[in-house]
Amino acid sequence: MKTTDQTDHKRRDFLKTGVAASAVTLAPGIVMHTAEAAPRDKAVDSSVRWGMLVDTFKCASGCDSCVQACNEENGLEAYSMPEGADPEKWDQQRPKWMRNVTLKDNLSGRISNLPLMCQHCENPPCADVCPTGASFRRADGIVMVDRHTCIGCRYCMMACPYKARSFIHENVDIKPELAPRGKGCVESCNFCVHRLDDGETSTACQDACPENAIIFGDLNDPNSEVSKALAEYPSVQIRADLRLNTGVRYSGI
Amino acid sequence: MKKIFYKEWDIASQTYWMILAVLAVISAVAGFAVLHMEHSGHWVTGMSNQIVWGTPHVFAVFLIVAASGALNVASIASVFNKKAYKPLAPLSALLAVALLIGGLLILVLDLGRPERLMVAMTTYNFKSIFAWNILLYNGFIAIVAFYLWTILDRKMNRFYKAAGVAAFVWRLILTTGTGSIFGFLVARQGYDAAILAPWFIIMSFGFGLAIYMLVLSDFFRLSDRPLGDSVMFRLKNLLGVFVAASLLLTLMYHMTNLYGTENHAFEAFILRDGGIYTALFWIGEILIGGLLPLAIVFHPSLGKSRSWIYAAAIMVIIGGIATIYVIIIGGQAFPMAMFPGKTVIASGFYDGINGLASTYSPSLAEALLGIGGGVRMLKILPMSMADEVADPHSAS
Ligand code: SF4
Ligand code: SF4
């Protein structure tokens, strides 16, 4: 019997490479952080916590560039409606990692737009409930699904307060290389982990946003753009009452 | 003390094979439904990324909850030392195991990757109540099997009491565990209630006993063996008590929800505006599953009629399935409150636009899968009943 916890064991298993910490201890008590992403031959550790700030003041109504970019980057276009399916039902079954939501304030009537996706909780309910430990949180804050141990029970989808996850209801036409996946498993936004593991530091949605409403970066690094923005503007967590300490924050809602 | 004789189920062999054949045909149809579902993917079901758990889960949870309740009669005999119930205990234990297996089968077949069952059995995340449930279910089958052995084998009789107590305690934990699967989903308003676990326990008492009563009277009728009135009357009184307690907890659940302002919208949805869920709540859960059977079993003349008692038991089962449906599907259909003080007016992923609930209509494939699980359990029964069955007359 094997137990799993929410560290980066799995990734180590995948990589089967030597483990080198990206935080170097120079002398007792003095640690040098490397702010950039760890390349693939290093195990992720908690010196970095990836996070995002969405400025809803900038997010433009009617724009869905980020969602398009996400779909393309992560191969969500590879899912097409199965023959004989009911289009209306299919629309509820197709996977979405990211969606646009438009809100209207009940008192003032003010309209705001925002993209909603996995909030990369520090205490992720999805990982807590997953019976096999397939849902896990990497040391660098990214919550993702191990598609080799996910049994497709969908308990994580029941537990996620943001409805951030999708179950793959159909056979997949092509197998995209960036994100291997298949029917019967659950998936969700992983902060474009393939990019980060290659040493890049941006997500597809951030790059695509014409208004620069999405700022992505290392929350542990006080000099990162996202940390500075968070220090400067007021921001909130969606459903802060659940105390999940989300990695995605919003300002202007 | 009179001796109890457990006799074979001496039903005419034609009838026996007929029953088996009918059940086999139904499970074959259900089998094809499963193959179809697993081959094409879950898009052939009514389930979606909005309503994640559907009809299969309703049936599965109902059967699992009922399983622990089916053990009532055996527990009364062993734990509470009521001699009159002892001859009825083996059927009770057998039924409990059969119901549980039926429910689990549905859950497994509904998985996205059922072929990875071994992963679920060998890789545990001990933080997950789901993983604990897998252990609880396996343990339940083992303990009840041992318990059955202590009843039926004279040499093992000295462990009878201990095994009975163990099974009783285990099944209380098991139902608590099943209830907690939902209790842990704090983000969904319908499930975030401490009362869910005791409510599930009380429901299990009623559902399990109702199924037990039906099976008991059918088996005795089919084998032309007389079933004493006194037995049935005792059981129906017990059923009445469980149904009443269940109603009370339903009331408490909704009252506590109404007490907290943040749950008012959810309560209005279930009790007033929820369409199908509101109908299932009032007509299914409250009327058919509660008030009607209660009135029947305690009615001075209807309560003495065997066919009315039979009807009451069926009503409890129908009402029970409706209850679980409202809990599981209704709880998901109601949009999650993500933005207090704001209304979602557009979304690329539903999200309860203008407070609208998610839609769900079960497809034939998933309904068949659910029913197939129930039939599976019935198939186990006659085959085992051919060996051992209780004869209440020897005890009265
Ligand atoms: S947002 Fe949902 S899927 Fe993402 S980490 Fe939190 S609970 Fe898990
Ligand atoms: S669907 Fe997969 S990732 Fe989600 S809880 Fe089940 S096994 Fe874990």
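Buried here means under 20% relative accessible area, exposed means over 50%, and partly exposed is in between, with a 1.4 Å probe and protein chains only. This is a predicted model, in which local features need pLDDT of at least 70 and side-chain atom pairs count only at pLDDT 80 or more, while totals for chains, interfaces and linings use all residues. Residues are numbered from 1 along each chain as its sequence is written, chains are lettered from A and ligands numbered from 1 in the order in which they are written, and side-chain values use heavy atoms, with hydrogens and water left out.

1. Ligand 1. Its surroundings (residues with a heavy atom within 4 Å) include Cys118(A), His120(A), Cys121(A), Cys126(A), Cys160(A) and Arg165(A). Cys160(A) has a relative accessible area of 9%, so it is buried.

2. Ligand 2. Among the residues around it are Cys130(A), Cys150(A), Cys153(A), Arg154(A) and Cys156(A). The shell divides into eight nonpolar, three polar and one charged residues.

3. Cysteines. How many disulfides (cysteine sulfur pairs within 2.5 Å) does a search of the whole structure find? Zero, over all chains. Cys70(A), for one, has its nearest cysteine sulfur, that of Cys189(A), 6.5 Å away. Cys70(A) is buried because its relative accessibility is 8%.

4. Helices H8(B) and H9(B). Helices are DSSP runs of H or I with at least four residues, numbered from the N terminus. The axes of H8 (residues 196-222) and H9 (residues 229-259) of chain B come within 9 Å and cross at roughly 155°. Axes are lines fitted to C-alpha atoms over the stretch in contact, and angles run from 0 to 180 degrees between N-to-C directions. H8(B) is therefore roughly antiparallel (over 145 degrees) to H9(B). Their contact involves 20 nonpolar, four polar and one charged residues.

5. Helices H7(B) and H8(B). H7 (residues 160-183) of chain B packs against H8(B) at about 125°, with the axes 8 Å apart.

6. Ser75(B). This residue lies in helix H3 (residues 72-78) of chain B and is buried at 3% relative accessible area. Ser92(B) is 17 residues away in sequence and 8.9 Å away in space, C-alpha to C-alpha.

Key. Nonpolar A, V, L, I, M, F, W, Y, C, P; charged D, E, K, R; others polar. Helix = DSSP H or I, 4+ residues; strand = E, 2+ residues; numbered from the N terminus. Parallel < 35°, antiparallel > 145°, perpendicular 65-115°, else oblique. Disulfide = S-S within 2.5 Å.
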